[in-house]
Every structure is written in C-alpha cells, then in structure tokens.
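Hi there,

Here is the structure I promised to pass on. Have a look at it first, and then read my notes below.

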Amino acid sequence: MATCGMRRIKLGSQGLEVSAQGFGCAHYGPSKPETDDIALLHHANISGPHTNELLLAKALKDGMREKVVLATKFGCILVKGKRDVRGDPEYVRAACEASLKRLDVSCIDLYYQHRVDARVPIEIT
C-alpha cells in the first residue's frame, strides 16, 4: 500500500517546518456536535483563531499538542458590531496571552497578523 506524505516547507530563518497545506478551523455553516468537531481536528494540521481556540484546547489534550504545529492569528476585532484591525503592541501582547489561555498551552508555534493595521508601522507591531 502506498503512503502519501504531505510536502513540508520551512518558514522564516528560525527552523520552523510546517506542512505545505494547513487546516483552518473557522466554522462555516451550522455547528456540529463538539465531539464530531474534535474528531475531525485530530486528523488534521491544526490552525485556528478566536472562539475556536476553546475547542482546539480540548482537541490538543492527551499528547496531540506535541504532534501538530499550532498556529493562530491576531488583528481582527469587532467594535460596536463593525470590523476593525489592531496591530499596536499592547493589543498584540494581550491577544497572544488570551490565545494561550484559551488554548491552554504554554507556546504557540506560529503567531501571525490576520490583517495589517495601517495605523501602526509593521516593524512596531
């Protein structure tokens, strides 16, 4: 029986290697039972933002965390029901700490900006 391997690529200069294709965890359409969602995530590279991080925390238990590259992003916010973008260092730090708490992990492998905040120079973000 032939096996299929996922092509891997290096990101940046610090040695992080990831699969060429990830698995985004945004929910589109009606929600499934939590156990079905977790079963699906156990068979995928995990990437996902915001409220889905609480579900991912459950999926990352029992040794699964060590088997994945965990990526999540920051930057998109809702203000009075309207989308906005933030890239100021205080927000980034607070968003990262909140993600670590929701994911119940001590480290996020890849933390990246979802949308660039044009009000903040990228080197400041």
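**What I found**

The chain has 3 helices and 6 strands, where helices (H or I, at least four residues) and strands (E, at least two) are DSSP runs numbered from the N terminus. Along the sequence they follow the pattern β-β-α-α-β-β-β-α-β. Please keep in mind that this is a predicted model: local features need pLDDT of at least 70, side-chain atom pairs count only at pLDDT 80 or more, and totals for chains, interfaces and linings use all residues. Residues are numbered from 1 along each chain as its sequence is written, and side-chain values use heavy atoms, leaving out hydrogens and water.

Strand β1 (residues 8–11) pairs with strand β2 (residues 16–19) in the antiparallel sense over 4 bridges; two strands pair if DSSP finds at least two bridges between them. Lys-10 stands opposite Glu-17 in β2. There are 4 residues between the strands, and Gly-12 in this hairpin takes a positive phi near 65°.

Next, look at the whole chain. Of its 125 residues, 33% are buried, meaning under 20% relative accessible area (1.4 Å probe, protein chains only). Among contacts (heavy atoms within 4.5 Å) between residues at least 6 apart in sequence, 51% join residues at least 24 apart. The accessible surface, from the Shrake-Rupley method with a 1.4 Å probe, comes to about 8700 Å², and 56% of that belongs to carbon and sulfur atoms.

Happy exploring!

Note on methods:
Buried means under 20% relative accessible area, exposed over 50%, partly exposed in between (1.4 Å probe, protein chains only).
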